[in-house]
Amino acid sequence: MDRSNPLYNRIAARYPLLDVVTADASDARRLVADSAQRAGLKLLAPRFGTTPLIEAGCGAITALLKQTERHLVIVPAAQHLLADPVFVQLLTESLRDIERGGHCVVLLSAWRRPCQQLDRERVVLELGLPSDAELRDLVVAALTGDAGLPPDLELVQQCLQAARGMTRSQLRRALRRLRLGRDHLDEEDIAALHAEKRDLIAHGGVLEVAAWAPTLEDIGGMDTLKSWLGRRRRALSEDARAFGLPAPRGLLLVGVQGCGKSLFAKATAQSLGLPLLRFDLSRLFTRESAPEENLRHALAVAGAMAPVVLWVDEIDKAFAGATTGSDVTARIFGTFLTWLAEHPDGVFVAATANRVDHLPPELMRKGRFDETFFVDLPDVQVREEIFGIHIRRSGRDPARFDLERLGRASAKLTGAEIEQAVAEALSVAFDEQRGLLTEDIERAISETVPFVETYEEQVKELREWARRRARSAGQDRSLRDLFVDARDGGESWRP
Ligand code: ATP
């Protein structure tokens, strides 16, 4: 344990009060115990068991003060204790004696609880998720086994990739489970490790590792956006870094509902060859622990899993809550905006939004995203492509359908409505026990009331906003052209 270790340093230098904020209390205990031993302090680690928390917390401090030799006491669940005036008062009054005796109190907190009375005395240390170097030892030991086989470097890399984002304790347990009855792990265990991480992260509710992501071939249109993403892919390489190119940061997709923004955000991961992590901002407020802690942990997991695509769906909805919500909500979104500007290399953020009136101006500031794209209603050619994609997805050859006719008949429909029309036509054909025909789809189209007819004003505003602030995701036709689309001839509706 080197001298630059902030935990060991503080303990060795006889700081009387440390507050270790961690999502992994058992690992923190281990690290604190190691540091105490190296710094020559004896350890008091009371188990609180069924004793009421305040009684147990105060008991731990009193027990420390009785020691004649230098001791360190670990006090768990401190995020609750720091809210209790009796505990805080006892600790405040005892600090002088604790320091005089050369003792140290280490609080373990699941999240950082503000405590004005102790803020001058308390040193808060955030124990983040382990780095690759810290995970490597565990991974190599599991791969080489008791026989100490030489490590297969490729396998170590794959295993590390699967382990990133786990705490040390989580990884230790997962490796132990996978090794049950066997000497060492092999490549077949990598998928199981990924699955375990997926479950652990999903359990938190705020993040979700996607097991499957669509590809760019699943998306009709958005050609400009697709080629832009191709350039970003190259910019991710080591060569690009050596050339002095900054690491890609991400993109914001703004546009009409159901036109494939989320689909594209997901496909970004496939295209960049990175794992996809979904970040549900609205869930920050629905869990038991403090939203600050949820955010801190989610961002730490994203950072630890880098390189990764972090998909933030409907960012506008979350910010709508932030402007009307409490101080806590405003603070959380302030933290998130700062993180967006400063986030670590290797986290590519793909965010989507429908409503621009909810987006704070800070979000649009340069540096938060590499680019903002506007995703409009599909034009006639793109509609043909989307019909082709969904017909193929149903297991049929699109060449056997009159896609041009379908494209012309479906003016004003979104991609989601086109998908729905194909699904509807399929169900009719299935009921009538015959093959799917172009006419079935045409009929389904004629029965669809386009979303934009109800939300015409909203779509107009969106386009107006995008004209000045975003690039069009579609190819070779500027936004202005999209506003009066000659190829959609015959449409009465004009934005
Ligand atoms: P929302 O803002 O409501 O979330 P969105 O713009 O994110 O909408 P998606 O959720 O990506 O739209 O689209 C819904 C579904 O519609 C997709 O899963 C896909 O099946 C279909 N779809 C939409 N646009 C396209 C497209 N351009 N190509 C192929 N399919 C599409």
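Student: What makes β7 and β10 count as paired strands?

Tutor: Strand β7 (residues 250-255) and strand β10 (residues 347-353) share five bridges and run in the parallel sense. Pairing takes at least two bridges, so these strands pass. One spot to look at in this predicted model is Gly-250, which stands opposite Val-349 in β10.

Student: Where do β7 and β10 sit in their sheet?

Tutor: They belong to an open sheet of seven strands, ordered β6-β8-β9-β10-β7-β11-β12, and the pairing there is mixed.

Student: Why are β6 and β12 said to stand at the edges?

Tutor: Each of them, β6 (207-209) and β12 (471-472), has a single partner strand, so one side of each lacks a neighbour in the sheet.

Student: Which helix lies across β7 and β11?

Tutor: That's α22 (residues 456-469), and it runs at about 145° to β11 (371-375).

Student: What is the strand order in the open sheet of five strands?

Tutor: It goes β2-β3-β4-β1-β5, with parallel pairing. Here β2 (42-44) and β5 (123-127) are the edge strands, each pairing on one side only. Neighbouring strands of this sheet are turned by 25° against each other on average, ignoring direction.

Student: How do you know that β1 pairs with β5?

Tutor: Count the bridges: five join β1 (residues 17-22) to β5, and the two run parallel. The cut-off is at least two, so they pair. In one of those bridges, Val-21 has Glu-126 in β5 as its partner.

Student: Which strands does helix α5 touch?

Tutor: Helix α5 (residues 85-100) packs on the sheet and touches β1, β3 (71-75) and β4 (104-109), and its direction makes about 150° with that of β4.

How values were computed
Residues numbered from 1 in each chain as written. Predicted model: local features only at pLDDT ≥ 70, side-chain atom pairs only at ≥ 80, totals over all residues. Heavy atoms only, no water. Helix = DSSP H or I, 4+ residues; strand = E, 2+ residues; numbered from the N terminus. Contact = heavy atoms within 4.5 Å. Axes fitted to C-alpha atoms, helices over the stretch in contact; angles between N-to-C directions.
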